[in-house]
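Here is a short report on one protein model. Look at the sequence and the fold first, then read on.

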Amino acid sequence: MATKTTKRGRPSKEETERRNRELQRERERRAKTQRAAITLFVLGVILIALCFIPGAAVWEAVRTAVFGVLGVCAYFAGPFVLYIAVRCAYDKLPAGGRLARVGLLLLSVAGAFYVFGEGGAPAAFKDAVVYLYKLGAARRGGGAVSVFFGWALEAGCGLLAARIVVVLLIGVSLMLITEKSLFDILEWVKGTANGVSERMKQAAEDAAAREEQAKQEAPQDDVPWKEKAKNDIDIPLDAEKAANIDAPLGPAPAPAAPQTPPQAA
């Protein structure tokens, strides 16, 4: 669409105002994204501190609540939130969608802790939430949130199907967070396997080359005795040791017959 301009080729007043409004909205969006990134960064640091630093009454109560809700996943929540904060600050993109992806990943991992772990929650939903909360507060399992992709999937699909679904959800969540497709992951796996194979082949070739070089540089005396000639005996002996050698040399020779002098004719 052609831009409406004046006779001198300059943008019209309406076009200039429209561009100014777009620039203003873009500046506001970036400022909002930066504020969200700072907030997420602070939240990530607090979550990490809650996981590893004990404290007084209020701090300990919040710490227990975090573990009760997230369970062992609380150890991953802080680093994931920091990752989203850095990505938002670097890419200048909104954090809402990425937070949703991280939430999906945490729910999937929490469900994995349930279906691959202890399990055994009560059949009633409310009792299951209370049971899982207490288990998470004791640093076991996926916490209360594992009721969604753990307890519910097992109750509705069975244990084996729940495990398959949870593994698929974790894979999809990781692809969404890293913004990598299945093709990219397969290419990465293929490249990694090829790199390992090349390194192993190169290591084998280097070992063979070193062995060949060692054989070429080895002195003649280092050749095994089987490779020497049988009559090539070289035993260094000093005079004293040589005089004391008593080697069996076979039977003694027969005495010579006495010679009679020739008679005169």
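## A cavity and its surroundings

Searching the whole structure turns up one cavity of 30 Å³ or more. On a 1 Å grid over the protein atoms alone, a cavity is a set of points where a 1.4 Å probe fits but cannot get out, and lining residues have an atom within 4 Å of a point. Points are joined across faces, edges and corners, and the volume is the space filled by probe spheres set on them. The largest cavity holds about 40 Å³. Helix 4 and helix 5 are the elements that give two or more residues to its lining. Helices here are DSSP runs (H or I, at least four residues), numbered from the N terminus.

The model is predicted: local features need pLDDT of at least 70, side-chain atom pairs count only at pLDDT 80 or more, and totals for chains, interfaces and linings use all residues. Residues are numbered from 1 along each chain as its sequence is written, and side-chain values use heavy atoms, without hydrogens or water.

The lining includes F113, Y114, L132, L135 and S146. By class, it has four nonpolar, five polar and one charged residues. Ala, Val, Leu, Ile, Met, Phe, Trp, Tyr, Cys and Pro count as nonpolar; Asp, Glu, Lys and Arg count as charged; the others, Gly among them, are polar.

Among the buried residues of helix 4 are R98, V102, L105 and Y114. Buried means under 20% relative accessible area, exposed over 50%, and partly exposed in between (1.4 Å probe, protein chains only).

Helix 6 (146-157) has the buried residues S146, V147, G150, W151 and L153. Their cover includes helix 4, helix 5 and helix 7 (159-178). After helix 6 comes G158, with a positive phi near 95°. R139 also has a positive phi, about 65°, although it is not a glycine. R139 sits in the loop between helix 5 (125-137) and helix 6.

| Residue | Relative accessible area | Class |
|---|---|---|
| C88 | 0% | buried |
| R139 | 30% | partly exposed |
| C157 | 45% | partly exposed |

A disulfide is a covalent bond between the sulfur atoms of two cysteines. The search counts a pair of cysteine sulfur atoms within 2.5 Å. Across the whole structure, it finds zero disulfides.

Terms used
Contact = heavy atoms within 4.5 Å. 1 Å grid on protein atoms, 1.4 Å probe; cavity = no way out; pocket = protein on both sides within 12 Å on 5 of 7 lines; lining within 4 Å.
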